[in-house]
Amino acid sequence: MRLLEYACGIAALAALAAAAPTRHVPRDVSADVLQQLTLFAEYSAASYCTNNINSTGNKLSCSAGNCPMVEAATTKTLYEFEEDSKFGDVAGFLVEDSTNKLLIMAFRGSRSLSTWIANLDFATEDIGSICTGCEAHGGFWKSWEAVADSLVAQIKSAVDAHPQYTLVFTGHSFGGAMATLGATAMRNDGYKIELYTYGSPRLGNKALAEYVTSQGSLYRTTHTDDIVPKLPPIVIGFSHPSPEYWITSGDGVDIDTSDIKVIEGIDSKSGNAGASGESTSAHGWYIVDISACQ
Ligand SMILES: *[C@@H]1O[C@H](CO)[C@@H](O)[C@H](O)[C@H]1NC(C)=O
């Protein structure tokens, strides 16, 4: 019996290899990548703290104690914002981190996860102006458009003032969707942007996922069977860009490099998409208790 299973396994693997010659074996991350994933998880966490989005010009801090690396850096916000749009609150900050020579645009996730999931619709909108054949989730795209003019102006002046700094977009949950759409649009205008998202929902169709993938510098992080990256579902035409950085350890567990697998391939089932279960608690643990400030 065991031998038969083994033989079937070999046959299945051989069939897979024949069908998909570019299939990648998930690999662990390096210590440097883990350090970056941690730093930007903390920046995303900081965007949930009211004191970081209700005034401009201050040093970032997290009352929940979940952003020690951010607090250790010399930071000064260049723009803090919170806008109510009928598609949801878009909030966050643009900050200068002179310790790490970074400009970070961080977007907050939704304040009530269960309400957000219940209200999530699947309507898409043509965004052929961004890439040919691309469609985005209508609510996500309209939310980016609601803040785009003011953010682009702020980012432009920050980049002009600090041409040697690295520009990073980041966010958790809905904030990850905002970060990805914003970075994709601004890269089209020539900005060089590194993108770190945590528990982002799917943004749109496969053409969009392929386009975001082709832009590179993407760290799309998921955690075990977090429900949010499973939405909206693949079966109704939504896709995620690649690669995925899949955290395999449980909620509240300190993370090591071997706990994060790098998974290549749009719509791969090797990571979150193939994990059985749909957990809301897994959505809260991204290296830190990411939404603890809300
Ligand atoms: C911003 O929020 C913090 C935390 O709630 C509060 O202490 C502070 O007074 C607020 N600042 C402004 C300008 O509203």
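**Before selecting anything**

The model is a predicted one, in which local features need pLDDT of at least 70 and side-chain atom pairs count only at pLDDT 80 or more, while totals for chains, interfaces and linings use all residues. Residues are numbered from 1 along each chain as its sequence is written, and side-chain values use heavy atoms, with hydrogens and water left out.

**The whole chain**

Show the protein as a cartoon, and you will find 7 helices and 13 strands, where helices (H or I, at least four residues) and strands (E, at least two) are DSSP runs numbered from the N terminus. The radius of gyration is 19 Å, close to the 19 Å that the globule rule gives for 294 residues, so the protein is as compact as a globular protein of that length; this radius is taken over C-alpha atoms, and the rule is 2.2 Å times the number of residues to the power 0.38. Along the principal axes, the C-alpha atoms fill a box of roughly 65 × 40 × 40 Å.

**The disulfides**

Select the cysteines next, and look for 3 disulfides, each being a pair of cysteine sulfur atoms within 2.5 Å. Counting the bonded cysteines along the chain, the pattern is 1-6, 2-3, 4-5.

Begin with Cys49 and Cys293, whose sulfur atoms lie 2.1 Å apart. This pair links distant parts of the chain, since Cys49 sits in the loop between helix 2 (31-46) and helix 3 (68-72), whereas Cys293 is in the segment after strand 13 (288-289), 244 residues apart. The link is right-handed, with 80° about the S-S bond, and both Cys49 and Cys293 are buried.

Move to Cys62 and Cys67, where the sulfur atoms are again 2.1 Å apart and the torsion about the S-S bond is about 110°, so this disulfide is right-handed. Cys62 is buried with a relative accessible area of 5%, and Cys67 is buried with 0%.

Then select Cys131 and Cys134, which are joined S to S at 2.0 Å. The torsion about their S-S bond is about -115°, so the disulfide is left-handed, and both Cys131 and Cys134 are buried.

**Leu167**

Select Leu167, which lies in strand 7 (residues 166-172) and is buried, with a relative accessible area of 4%. Leu102 is 65 residues away from Leu167 in sequence, yet 6.0 Å away in space, C-alpha to C-alpha. Neighbours within four places in sequence aside, the contacts of Leu167 include Leu103, Ile155, Val159 and Tyr191, a contact being heavy atoms within 4.5 Å.

**His223**

End at His223 in strand 9 (residues 218-223), which is buried with a relative accessible area of 0%. Not counting residues up to four places away in sequence, His223 touches Trp246, Ile247, Ser249, Gly250, Asp251, Asn272, Ala282, Trp285 and Tyr286.

Technical notes
Buried < 20%, exposed > 50% of the residue type's maximum accessible area, 1.4 Å probe, protein only.
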